[in-house]
Number of protein chains: 2
Amino acid sequence: MVHHPKDHKGSWSSVFQNDRPIRLEIGCGKGKFLLELANLHPELNFVGVEKFESVLVRAVEKAEVDPPANLKFLWLDAEELPECFGADEVDLIYLNFSDPWPKSKQKKRRLTHPLFLARYASFLKSSGRIRMKTDNFGLFMDSMVWFVESDWHLETILLDLHAEQHVENVETEFETRFVAMGRSIYYLSAVRPEETHA
Amino acid sequence: MVHHPKDHKGSWSSVFQNDRPIRLEIGCGKGKFLLELANLHPELNFVGVEKFESVLVRAVEKAEVDPPANLKFLWLDAEELPECFGADEVDLIYLNFSDPWPKSKQKKRRLTHPLFLARYASFLKSSGRIRMKTDNFGLFMDSMVWFVESDWHLETILLDLHAEQHVENVETEFETRFVAMGRSIYYLSAVRPEETHA
């Protein structure tokens, strides 16, 4: 757990004590996904971001059993990420089963809203990516439109992630349940636009 | 009406007697869309391609009243297009309300199937585009996936074309009817991949 993330803006390599690429999961929930990834990929660093303290506590407890050095958690609202990470500091962002905020007034809260995409672009590397998984088709469609509107490049779209022979798909808690229920998981990967830093 | 289109492969500028950009509509039906466009854009050349002679006859009759010099029709199966147009000869392709071929065995017949996208890339200019309109959501979703799989760049996705303030949207016969019925028209624009010519 990193308690004052804004103090480390631009210097996350000293937090991790190495220069390995940093990947974020925004809305990491209880942390199963990141914990598995961090153990699978010691050559990468991972940061889990979660807005709800009660949920994050569970993630931290889980990780404490055998804490991987390449995994940190932040208790933070995603809107504040640009205050925590500097230009080109993050390699990749995972958005897994983000809240769909279905009412039209709430769309600005969705983590793929153009306002958020602009925030992410401020600290994602050139050719940095967002990988998104969701079971919510409305969110998925709107997200595709927003990525394209915001000049991101859609490099992969899968309408049924689990029908693909993906070598490595680490499942989230939600995902395992949804797939057991026979629901399709939609997946996309989008690359940051070239021109972003003002 | 051009009767032996394969004879003109690589030399369409002599058919039109000018070097203006050439745009195709594949599946032009009775030709309303192209006839309107050809009159709006004398600075461009248009070719309407239609597989069904009975339908094409209606297009030709309509155009004969006051034939625009920048509009030609071909009675042709889209599979044969690479035999009619040479590398970089076409600027843009319109696919308007193409047959959705809903059965999975028929998907290869869809005009946005990867097999067709590879054919189009053989004669589309670098940075040439496909603009697609459809009311069929299944076709639209599959097409997005196919464009991305085939390394095309999705530059625009609209889930309700008629809700947008598009300065210039020439309606097809189908479109006018669908919109009157309150149905959404899906629209996309995709740019040819850089690497295509083998």
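Colleague: How many salt bridges does the rule find across the interface of chain B and chain A?

Modeller: This is a predicted model, in which local features need pLDDT of at least 70, side-chain atom pairs count only at pLDDT 80 or more, and totals for chains, interfaces and linings use all residues. Residues are numbered from 1 along each chain as its sequence is written, chains are lettered from A in the order in which they are written, and side-chain values use heavy atoms, without hydrogens and water. A salt bridge needs a side-chain nitrogen of Lys or Arg within 4 Å of a carboxyl oxygen of Asp or Glu. Between chain B and chain A the number found is 0.

Colleague: Which element of chain B gives the most residues to the side that touches chain A?

Modeller: Helices (H or I, at least four residues) and strands (E, at least two) are DSSP runs, numbered from the N terminus. Two elements of chain B, α5 (137-149) and β6 (153-158), each supply at least two residues of that side. The most, 6 residues, come from α5(B).

Colleague: How much area do chain B and chain A bury between them?

Modeller: Contact, meaning heavy atoms within 4.5 Å, links 13 residues of chain B with 13 residues of chain A. Buried area is the accessible area (1.4 Å probe) that two parts lose on being put together, summed over both. Carbon and sulfur atoms hold 80% of it, and the total is about 1100 Å².

Colleague: Why is chain A described as being as compact as a globular protein of its length?

Modeller: Chain A has 6 helices and 7 strands. The radius of gyration is taken over C-alpha atoms, and the globule rule is 2.2 Å times the number of residues to the power 0.38. For 198 residues that rule gives 16 Å, and chain A is as compact as such a protein because its own radius of gyration is close to this, at 16 Å.

Colleague: What separates the C-alpha atoms of Pro82(B) and Ser122(B)?

Modeller: Pro82(B) lies in the loop between β3 (71-75) and β4 (90-96) of chain B. Leaving aside neighbours within four places in sequence, Pro82(B) is in contact with Lys9(B), Arg119(B), Ser122(B) and Phe123(B). Pro82(B) and Ser122(B) are 40 residues apart along the chain, and their C-alpha atoms are separated by 6.7 Å.
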